[in-house]
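Happy to walk through this one with you. Let's take the labels one at a time and see what stands behind each.

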Amino acid sequence: MTSPRSVSLLRCALALVFLLISPLISAQTALYNPTQTSDIEAIRFVLAQFCYDLDTKNYNALVDVFTPDVVAEVAPSPIVSLSALQQFYNTKLGNATTQHLSSTEYVKFLNATTANVTSYNMAVYLGPGSGLANLQKSSAVFYERYDDTFVKVNDGSWRISFRLLNIFVGHRF
């Protein structure tokens, strides 16, 4: 039989445990709120659209990926503005055959209109005029990570306002 003192001590211990873990549960809930699922999916769609736009050479469509005043650290010097970024991709990729793959998107909302997003990517480049004859001369694979700041714009969609490219490994073959 359990004494009233034992029950009382057990209740105190449980209350103490609850008080100690309660902030941890709240902090974890702050990282992911199920009501943000549609925003997370919208952000993932923008990341996929970026890959698709580069691979289809539709650099004008990047207007749906980046803000007009985007700052992109994807070259030796930061690129400031959407039009400069579109020109950069047009110049660097031109008509090269590419395949961009994005995965492992980690979204952390800072508030209702701003999120930090990290995604991991693989980019395959098969130089201009690619085909079997040119594979050995112009192919490269890069393993990358993008650290982005997304903002929700006036129409409710998400855009990248800042992008930092980290290249882990590049292999030319």
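**Labels and their cut-offs**

Q: What makes Asp64 count as partly exposed?
A: Asp64 has 36% relative accessibility. Buried means under 20% relative accessible area, exposed means over 50%, and partly exposed is in between, with a 1.4 Å probe and protein chains only. Asp64 at 36% therefore counts as partly exposed.

Q: What should I keep in mind about the model and the numbering?
A: This is a predicted model, in which local features need pLDDT of at least 70 and side-chain atom pairs count only at pLDDT 80 or more, while totals for chains, interfaces and linings use all residues. Residues are numbered from 1 along each chain as its sequence is written, and side-chain values use heavy atoms, with hydrogens and water left out.

Q: Why is the contact of Asp64 and Arg159 called a salt bridge?
A: A salt bridge is a side-chain nitrogen of Lys or Arg within 4 Å of a carboxyl oxygen of Asp or Glu. For Asp64 and Arg159 the N to O value is 3.6 Å, so the pair qualifies. The pair links distant parts of the chain, 95 residues apart: Asp64 is in the loop between H2 and strand E1 (66-73), and Arg159 is in strand E6. Helices (H or I, at least four residues) and strands (E, at least two) are DSSP runs, numbered from the N terminus.

Q: Is Arg159 buried or exposed?
A: Arg159 has a relative accessible area of 12%, so this residue is buried.

Q: Which residue does Asp148 meet in a salt bridge?
A: Asp148 meets Arg163, at 2.7 Å from N to O. Asp148 lies in strand E5 and Arg163 in strand E6, so the pair ties together parts that are 15 residues apart in sequence. Asp148 is buried at 3%, and Arg163 counts as buried at 1%.

Q: How do you know that the charged end of Arg163 sits over the ring of Tyr146?
A: The rule asks for NZ of Lys or CZ of Arg within 6 Å of the ring centre and within 35 degrees of the ring normal. The charged end of Arg163 is 3.7 Å from the centre of the Tyr146 ring. The charged end of Arg163 also sits over the ring of Phe50, 4.4 Å from its centre.

Q: Why is the pair of Phe50 and Tyr146 called edge-to-face?
A: Rings of Phe, Tyr and Trp (its six-membered ring) pair if their centres lie within 6.5 Å; planes under 30 degrees apart count as stacked, over 60 as edge-to-face and the rest as tilted. The count comes to seven aromatic pairs. Phe50 and Tyr146 are 5.8 Å apart, centre to centre, with 85° between the planes, so they form an edge-to-face pair. The pair links distant parts of the chain, 96 residues apart: Phe50 is in helix H2 (residues 37-55) and Tyr146 in strand E5 (residues 139-152).

Q: What makes Phe50 and Tyr146 count as buried?
A: Phe50 is buried, with a relative accessible area of 1%, and Tyr146 counts as buried at 4%.

Q: How many salt bridges does the structure hold?
A: The structure holds six salt bridges. One of them joins Glu41 and Arg44, with the closest N and O atoms 3.0 Å apart. Being three residues apart in helix H2, Glu41 and Arg44 are separated by about one helical turn. Glu41, at 42%, is partly exposed, and Arg44 counts as partly exposed at 33%.
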